[in-house]
Structures are given as C-alpha cells and as structure tokens.
Amino acid sequence: MPHLSRRDLIQLGLAAGVLGLGGTRALAQQRLTQADLLAFEPLGQVTLLHFTDIHAQLVPLHFREPSVNIGVGEVTGLPPHLTGPALLRAFGVKAGSADAYALASSDFAALARSYGRVGGLDRMATLVKAIRAERPGRTLLLDGGDTWQGSYTALKTEGADMVQAMNALGVEAMTAHWEFTYGAERVRTLKDSLTFPFLAGNVKDTGFGDPVFDADVVFERGGVSIGVIGQAFPYTPVANPRWMIPEWSFGIEEDRIQARVEALRAKDVDLVVLLSHNGFDVDRKLAARVRGIDVILTGHTHDALPQPVKVGDTLLVASGSHGKFLSRLDLDVKDRRIAGWRYRLIPVFADVIAPDTDMARQIDTIRAPHKALLSQVLARTDSTLYRRGNFGGTMDDLICRALLAERDAEIALSPGFRWGATLLPGQDITVEDVYNQTAITYPAAYRSEMKGSFLKEILEDVADNLFNPDPYYQQGGDMVRVGGMAYAIDVAAPMGRRISDMTLLKTGEKIDPARTYIVAGWASVNEGTQGPPVHDVVMRHLKANPVVRLDDTRPVRVIGADARGMTE
C-alpha cells in the first residue's frame, strides 16, 4: 500500500465525516494489526504490565491528549511537559502515524476518524492474555488506581462493576485515589472483594498512626523476587472531600518509602517496584531522593510517554489513562539490579484488536440493565469536545455554559479534572457521555455569591497547586475551568501573584475585588453542599440546545510558559 502523508490522512479524515467513517478506518486497519501491537522481542526474566487511571471505562472511546501541559522550574521542557509536534520530535514519532494519533492532540479529529476508538477492557484482556501466554510465569499485571470511578455504571454500583472486571482481568495488585471518594466503609467492602492486594502504604489512621492498608507485597516471577510497594495519591483529602474519609491521613512519606525499600532488600528481594499514584513530577523528584527503587509505575497525571524516563538508576513508566495504553516493560535482572530493559507503550486500538469473549461477556452483564438509558441521545456536537489540558477544553466549556444558563449565574467554575472521554464532530451526545464527564459522588451544582477578591484567591490557590516549582507542593488536578470570565496567568510568577486581568466577559468590565458575583459550580469538597446534580444540569441544557458548537479558544492568556508544552 502506498505511503499516506499527513495531508492525505487529513483529507481522508474529512471525507470520512461525509462517508460515515468507514473508508479511512478500513485503510488504517489494513496498515495496523493486532500482531503489530503485540510485536515485541522478549528480554530477561520479568515482564511488568501496567495501566493506570482507567476511570471505570469498560468500552472503547476516543481520548484526546493535551495540547497544553506546562512544566515549571527544573522540569520546564522535560517530558511529560511536551505536547503536539514537540512531543513527537522528542521521541522520533512520525506525524500522522498511529503512534502520533495515540500520543498527541495534533490533527486529532481527522486521525481519530482514520484510526478509530481506543481502550475497552475486552481489548485490554486480549493483549494481557496474549503476553501472558508468550511469557508464562514471568508476567505481573499492576493497576495504578483511579479505576473504580468515572462512569455511570461505576457510580450506580459504587465501584462494584470495576472490582468484578479487574478480578476477571487478573490484576495482581493495585493502588488508589478516586476510589476513596466512595467513603471509607465502601472502600473497605470493595477491598475485601478483590482477588488481589490493595496497596496503600501511605494511608494511616489519624488516631494512632496505624496503617490502614497493606504497604507492599512480594511476588516471584521468572525466578526473580519482586517487591511491590503501593503509594496512594498523597493529597486525597485536599483534592477530594475529607469528610468521606475523616479518620485517614495521607502523605508522600519519603522516609517510610525508603524504609520499606530497605526492608524488602533485607529480605533478598531482587527487584523493587513502586506502584504509585503520586503524579509524574512528584515521582521524578522522589526517584532522585529515595535509594533502591528500580521501577516507578507512575499515575495520576494521565501522562503517556513512549519511553521510560530514567532518574539515577530508577525507570519511571507513564502509561496514560482511560484504558488507552498498556505498558510492557521487560527486565533482565542480575545481581539484584536491572542489567537490561526493553519497553513498549502499547496503544489499545479498539478497532484492530479482537475482543476477549470472556471479558466482553462480563462487560455486557454489567451494562445490560443500563443500556437503554445510557444510549439516549440528548444532542449532537459539531465541535470536538475534549477535557484534558492545563486550562480546560471544549467539554469544560460546555459544562460551564450549562451552569451559567441553568443556574442563572454570572460566572461558572468547573473543576480541573483530567478524566472524561472525547467526542468527535458529528457525534451524538448521549446520557452516557454526560456521566463520563460528571460521575462523582459529590455532584451538587451550587449557586452562591462570591466577592471578586475571593475569586482571585481561588484561582491563585489552584494555580499554585499546579505550577509550584516544587513538585511536592503540587496537589493534583489542572486549573479550575471558568465560564463567563477571562484572566491572565503568569505561570512563572510567585505564589499569590500569578493571576491578573480578571474580566467579566458579558460586560468587558474588570472583576471588582469588592463586588459580589453570582457563581455556579460543582464538585465542592465541602460537606452539605446544596444544588441539583451537575449531570442533570448538563442534560437539561443539552435538551434545550440540541446542537453544540464551541470554538477552541481559551478565556485564559498564558504568560511565562515554555512553548514546548503548548501547541495551542
């Protein structure tokens, strides 16, 4: 088959919009096979398989990687703070290729029409089974957390659907973050239903400091003893409601991790793996400060990197999100150290992978009672609707529009969540699509009065969580998304001095620090927040406005940022 240029792919993608997507997808599939995705030259005694941040997505979807991922301080311009062409150049990925579609936001809608959907746990199961068959007794499948939350079925079953699915997949250990938003009692119940360890060594009770969960577990694979330490998201009570887990404390706890590494080494463990939900930059700093960790399987920040980043003797592996990738890391271990390694970030291209029949049956059983509701069409989008990015996306704009209109507000605030599928132009917006953006256990859409000075305080606080030059002070999430308001941000400025030029879009007036504004938002971490569930607000708005058109301009002017992390 002749080589297709980037321009050819774009033109084919545009044609697919008229022809129903079929032609170009068939062309892409002729060039890409399941065997291609699994192609790998084995190495050594051990194969680590890793996914993270699947956010309860059982079925295939589209997911656009960020066009804005800014690094500050020592990590400026370093992976994962590269986007679009800069990322592709850094890793030698050809524009317009299947890998480029998976890794970058460039030409996303056109390439999505060509290469199709990603993810789907039945496709993931096919890959896992194939690798296990190739490497019997040598594979270890690890889940980095954010698994039980993010879909309608997970919300309605309080995570039970994902426990069932992960047990069926044969996961061998996990850690956690959003899992804790079901509350302490529910987490304990679900943990007891797992057929594998739930590792979170940095979670203690607030009374005597006793551990709440197991910290580590030792596996034997290929004659190698592997110690796996689990690290839950250290800022869970800050990023999510503390009142749901009032008797548990969290933290990075460098010293405790070091002590666990040393204890495992004292037991003659050959290989130490940190299964982490710290976020990439936190783990990069931790790898430079804690001795003896061979591999960090990192999560939380949803980064997808085609090669590990090496810090000293530690390999950092970033496996993306939403079931879009499966990491395979083969290790040759000699004298209790990594003598050699080989890696592939496998994109789970749903339309070229045969679904595993057993997992497909599990998924059908989970979804069958809800299928009629979830497939209800609310509207259609003429724009690409995506969320991922430091300052928001068109899906966030849609949510803010709904809050402004349905809650009669001047300004809307929407949390900087990274999870949520992407919709392509011409695609129907269904009930399921709305829940994939809003399925949380504290969904109240509040309406309140806030002074302009308090709005600035909110933006400054979130900005420091994201752009503090010390990764240990980055407490999760992206910038709060805004509707009805614009502002400028200097990401390199000190704390409390990053935000300026706050403007009310309706009038063009500067935000008055002393004036009170009507503000609507959702996902408040405060107990007792009142308001209708945000998913109901968005669905009501879509029914009243059945065609969605949104340009992709941000109401945010960014100053002091490295261009390699921005393609907008």
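**Strands and salt bridges in a predicted model**

Three bridges join β15 to strand β18 (residues 481-483), and the two run antiparallel.

Me: What makes β15 and β18 a pair in this predicted model?
Reply: Pairing asks for at least two bridges between two strands. β15 and β18 have three, so they count as paired. Within β18, V482 is the bridge partner of L413.

Me: And what makes β15 and β21 a pair?
Reply: Three bridges again, this time in the parallel sense, with β21 spanning residues 516-522. A412 stands opposite A520 there. As for the side chains of β15, I411 and L413 point one way, A412 and S414 the other, and all are buried.

Me: Why is the contact of D478 with R418 called a salt bridge?
Reply: The cut-off is 4 Å from a Lys or Arg side-chain nitrogen to an Asp or Glu carboxyl oxygen. Here the N to O distance is 3.6 Å, so the pair qualifies. D478 sits in the loop between α18 and β18, and R418 in the loop between β15 and β16, 60 residues apart.

Me: How do you know whether D478 and R418 are buried or exposed?
Reply: Buried means under 20% relative accessible area. D478 has 5%, so it is buried; R418 has 9%, so R418 is buried too.

Me: What makes R498 and D464 a tie between separate parts of the chain?
Reply: Their side chains meet in a salt bridge at 2.9 Å, N to O. R498 lies in the loop between β19 and β20 and D464 in helix α18, so the pair ties together parts 34 residues apart in sequence. Both R498 and D464 are buried.

Terms used:
Residues numbered from 1 in each chain as written. Predicted model: local features only at pLDDT ≥ 70, side-chain atom pairs only at ≥ 80, totals over all residues. Heavy atoms only, no water. Buried < 20%, exposed > 50% of the residue type's maximum accessible area, 1.4 Å probe, protein only. Helix = DSSP H or I, 4+ residues; strand = E, 2+ residues; numbered from the N terminus.
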